[in-house]
Amino acid sequence: MSNARSLRSVVALVAVAVLSLFLFGSAQAQDGEGEAFSGTLRFGGEPVEGVRISVVDASGETVGEAVSGADGRWRIELPGPGTYRATIDTATLPEGVTLRDPERQTLEVTVTAGRSRPLIFALGEPASRGPNVGEKLAQAVLNGVKFGLIIAMCAIGLSLIFGLTGLINFAHGELVTLGAILAWYFNADTFGAPLILAGVLAVVVAGAAGGGVEFSLLRPLRARRLGMFQFMVVTIGLSLLARHVMLLFFGPDRERYIDYALQAEWTFGPFAVTPRDFTIMALSAVILIAVAVFLQRARTGKAIRAVADNPELAESSGIDVDRVVLIVWVAGAALAAVGGVFFGSVEAVDWLMGFRLLLLMFAAVVLGGLGTAYGAMVGGLLIGLVTEVSTVWASPEIKAVFALGVLVLALLVRPQGLLGQRERIG
Amino acid sequence: MDFDIIFGNAARAGLGPQAAIFALAAIGLNLHFGYAGLLNFGQVGFMMLGAYGTAIVVATWGGSLWLGIPFGLGLCVAFALALGIPTLRLRSDYFAITTIAAAEILRLLIRSSPATDITGGPFGLQAIANSFFDLNFLPDGRFGWGTFSYSSNQLWVMIVAWILVVLCSALVLALIRSPWGRVVRAIREDEDAVLSLGKNTVAYKLQALVIGGVIGGLAGVIDALQQSGVGSENFEPQVTFFAWAALILGGLATTVGPVVGAVLFWFLREGVESFIRELSEQGWLPNALADFLDGAEGAISIALMGIGLVALMALRPQGIFGRRRNLHLGT
């Protein structure tokens with residue numbers, strides 16, 4: 001959709017830039033002294049003549065004016081180095097010619113001593129060529145479903161572990177990061193394994209790590225009857241430890257997997273999706289359905305639900321609670337790692353990715369109903385949608401604010417969550 | 001390996017303004033959780049509002065610092081009310097998640113580009129503390145010796161910060177020994193019992209949240225003053241965890257716990273970092289290991305802090321001064 005278009009405009013911009021550089025070079029060869037602005041105005045490949053451009057200095061005083069020549073070129077000598085504002089007089093543009101971006105009518109540019117700076121006033125049809133709100137919305141919904149599925153997968157373990165043991169696992173985000181980083185080591189850094197194989201290996205290791213934490217640390221601590229708060233502190237400690245050990249080995253930079261990095265998009269009507277993202281969405285959906293079927297049908301799945309519902313009753317009816325908890329830790333960590341590999345593939349891998357995701361996972365599980373697997377799924381999808389759809393209207397840098405806002409709202413209106421059972425949580 | 005340097009750096013950090021700032025934040029948390037049973041994981045939000053409120057009045061609106069500080073603390077009161085009125089009825093684990101989310105919402109909003117005109121966005125605000133340093137009556141020049149050598153202004157910040165720590169500790173102690181404190185502690189032990197005595201428990205909890213939040217806001221004000229500026233990167237969720245670490249180390253529900261914990265926290269953290277720096281400068285380490293350690297002291301000390309927290313919970317969950325019977329607070 002917008003892909004071909006944006007590619008075309010990138011090519012056009014590069015061409016203009018190269019052209020200006022070339023002109024700037026030759027201009028400098030002609031009269032290589034002093035600071036100046038220069039440029040060439042073109043519309044659809046043709047030079048545009050008779051357009052007035054003026055420059056004011058920092059105090060607002062006009063220091064120069066120029067009118068583009070028959071070849072579209074213009075040049076304004078400046079009194080010295082400094083910051084200037086160059087304005088193109090749109091009233092002097094020929095009929096039917098406009099600035100491509102009306103907000104770039106005035107450019108503020110700093111010139112260093114002895115340099116001539118090329119300025120680009122891109123002419124073209126106005127920016128309404130960009131995707132309209134409907135198209136943006138469609139794309140945002142698609143992205144929302146994509147991230148929502150990934151968040152849901154990451155959050156199932158968080159929710160079930162809470163349901164089984166009452167533990168809020170602040171280290172759950174680090175399981176996501178662990179999966180993504182291990183897959184990067186297997187794929188891009190050391191072994192060069194195909195991403196699918198690397199991902200499977202990473203998930204296995206992360207699952208084992210989750211099980212190891214439960215078996216060797218949390219189970220003995222549960223036997224000592226530590227309070228909920230002490231367990232929270234333990235997981236905060238684990239999260240600080242894991243995150244900074246990964247920082248030590250992985251470093252602070254963002255990295256990408258080798259496979260599936262650049263792909264042409266498939267378009268279905270208003271939706272554009274790379275084959276990689278499509279595969280990730282399909283796989284996520286399959287995995288989530290498999291988890292649901294497992295919880296509904298399998299013996300162990302039923303045991304998990306029984307313990308989540310009432311641990312004492314489950315134990316007294318012969319369910320080995322410790323074993324169920326261990327299984328949930330292994331499976332939850334593995335699912336988080338799958339989410340991490342997917343997330344790393346869609347975006348990039350870095351040492352803080354899981355921690356950033358943690359608050360969104362909290363939002364997902366609370367919204368859906370803390371302690372339930374299906375709640376995490378529904379909540380994850382909703383949080384993903386809210387986050388991405390907000391970017392249609394709001395700045396993307398505050399998209400997490402909307403997710404966290406939904407979390408706070410959910411706690412006010414329906415604190416047990418969408419799918420949670422009404423119990424005393426106050 | 002020069003242990004004098006390591007010990008000197010550690011002690012300097014333990015006495016420095018950062019330790020006082022974390023002591024204030026931890027005193028607030030102690031009132032919240034140690035005495036009132038409120039599991040506040042958004043203390044950094046109060047610090048941020050104190051710091052930014054002050055800085056916005058001075059740097060953005062050109063007002064006086066002495067208006068800015070009350071404004072910042074007023075924002076903390078407003079945040080505590082906005083946060084507390086809807087959420088204090090929730091169970092403590094839900095309260096923890098809400099507070100951490102609320103603090104992060106604030107940080108993302110403050111650093112976003114639409115807010116740049118007021119908060120400076122990602123660049124923060126600078127040059128706010130001139131009137132504070134104008135009050136400095138200490139003569140110019142340096143004070144102390146060796147590692148413990150401070151400029152007049154550094155010493156001024158430290159004196160003010162530690163005086164505030166003492167005052168806030170005394171305030172909390174007085175509150176806790178008052179009839180109000182007895183009700184608050186009783187709510188922590190058994191809210192239903194207090195309700196049945198006809199006390200409005202939500203109002204008491206809200207008051208505790210406001211007071212502890214304002215003390216946290218004071219920590220933010222000192223932070224803004226000592227740097228003479230604010231930046232959103234100083235208020236990530238991690239800061240709350242560190243304040244908690246200081247409090248737990250010292251001991252919950254004790255008067256000296258948060259203060260000693262904060263001093264010890266910075267002493268240990270800087271001590272470890274200094275030790276690793278010294279270690280990596282020694283010639284006798286293998287090159288690969290020395291390269292690995294170079295510049296990694298920050299991450300290593302925080303990772304060790306993580307181990308320390310787990311070990312503390314496993315071995316002495318009540319901290320240094322805490323009492324074991326206070327272990328099952330707020331659950």
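Keep in mind that the model is predicted.

Let's start with chain A. Look for an open sheet of three strands, in the order 6-1-10. Its pairing is mixed. Which strands sit at the edges? They are strand 6, residues 73–77, and strand 10, residues 116–118, and each pairs on one side only. On average, neighbouring strands here are turned by 20° against each other, direction ignored.

Now zoom in on one pair. Strand 1 of chain A covers residues 36–40. Strand 1 and strand 6 of chain A run antiparallel, joined by five bridges. To find your place, take A:A36: its bridge partner in strand 6 is A:E77.

One of the residues to look at is B:G144, whose bridge partner in strand 3 is B:S149.

Last, the contact between the chains. Chain A puts in 36 residues, and chain B puts in 41. On the chain A side, three helices each supply at least two residues: helix 5 (228–250), helix 10 (353–368) and helix 12 (399–413). Which helix of chain A gives the most? Helix 5, with 14 residues. And what is the chain A side made of? Its residues divide into 28 nonpolar, seven polar and one charged.

Notes. Residues numbered from 1 in each chain as written. Chains lettered and ligands numbered in written order. Predicted model: local features only at pLDDT ≥ 70, side-chain atom pairs only at ≥ 80, totals over all residues. Pairing = 2+ DSSP bridges. Helix = DSSP H or I, 4+ residues; strand = E, 2+ residues; numbered from the N terminus. Contact = placed C-beta atoms within 7 Å. Nonpolar A, V, L, I, M, F, W, Y, C, P; charged D, E, K, R; others polar. Axes fitted to C-alpha atoms, helices over the stretch in contact; angles between N-to-C directions.
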